[in-house]
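Subject: Structure handover

Hi,

Here is the structure we talked about. My notes follow below it.

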Amino acid sequence: MNDEDERAVAADRSTRNDAACAVTIEGIAHNGKPCRIVDNTGTVARAELESLLAELIEQRRFGLSGRSLAGGSSIRIGEPEFTHIQLGDDLYRFILLPYEARIEAF
């Protein structure tokens with residue numbers, strides 16, 4: 001195996017390890033469809049993820065919605081929303097898709 005092959009294997013292993021540390025909590029949205037929250041960092045406590053998912057469901061944040069982002073004149077249906085969220089002392093990137101919320105490193 002040459003150096004380039006070894007680097008490719010190491011990069012692949014790193015990617016798989018990152019995916020392996022992700023934590024997924026599943027639930028049912030207000031409209032009866034499955035939804036979930038995915039912590040791609042693997043660092044948020046499971047209880048906190050469950051609480052956040054319950055709050056998102058209660059607020060009816062899952063499902064298709066039409067929004068005019070940043071005051072634009074066009075409405076896009078099902079576009080992801082990007083923001084940041086602080087959990088404990090840590091700041092994360094928060095992405096809300098129609099039936100999935102993602103937490104990623106900031």
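**I37 and the core**

Start with I37. Setting aside neighbours within four places in sequence, I37 contacts V23, T24, I25, L49, L52, L53, A101 and I103. I37 also belongs to the largest nonpolar core, which has 17 residues. I37 is among the residues with the most contacts inside that core, along with L52, F62, F94, A101 and I103. β2 (34-39), α2 (46-58), β5 (81-87), β6 (90-97) and β7 (100-105) each supply at least two core residues. The largest share, four residues, comes from α2.

**Helix α2**

α2 has 13 residues. From first C-alpha to last, α2 reaches 18 Å, close to the 18 Å expected at 1.5 Å a residue. L49, L52, L53 and L56 of α2 are buried. Why do they lie on the same side of α2? Because they cover an arc of only 100 degrees around the axis. In general, an α-helix has 3.6 residues a turn, so residues three or four places apart point the same way. The cover over the buried residues of α2 includes β1 (23-28), β2, β5, β6 and β7. The face turned away from the buried side carries A47 and E58, both exposed. Just after α2, R60 takes a positive phi of about 55 degrees.

**Confidence**

This is a predicted model. The chain averages a pLDDT of 81, and 68% of the residues score at least 70. Confidence is highest in β2, at 97. Confidence is lowest in helix α1 (residues 3-20), at a mean of 48. Over residues 5-17 the pLDDT is below 50. Beyond near neighbours in sequence, that stretch has two contacts in the model.

Best wishes

How values were computed:
Residues are numbered from 1 along each chain as its sequence is written. This is a predicted model: local features need pLDDT of at least 70, side-chain atom pairs count only at pLDDT 80 or more; totals for chains, interfaces and linings use all residues. Side-chain values use heavy atoms; hydrogens and water are left out. A nonpolar core is a set of buried Ala, Val, Leu, Ile, Met, Phe, Trp, Tyr and Cys residues joined through side-chain atoms within 4.5 Å. Buried means under 20% relative accessible area, exposed over 50%, partly exposed in between (1.4 Å probe, protein chains only). Contact means heavy atoms within 4.5 Å. pLDDT is the predictor's confidence in each residue, from 0 to 100. The expected span of a helix is 1.5 Å times one less than its number of residues. The arc is that of the directions from the helix axis to the C-beta atoms.
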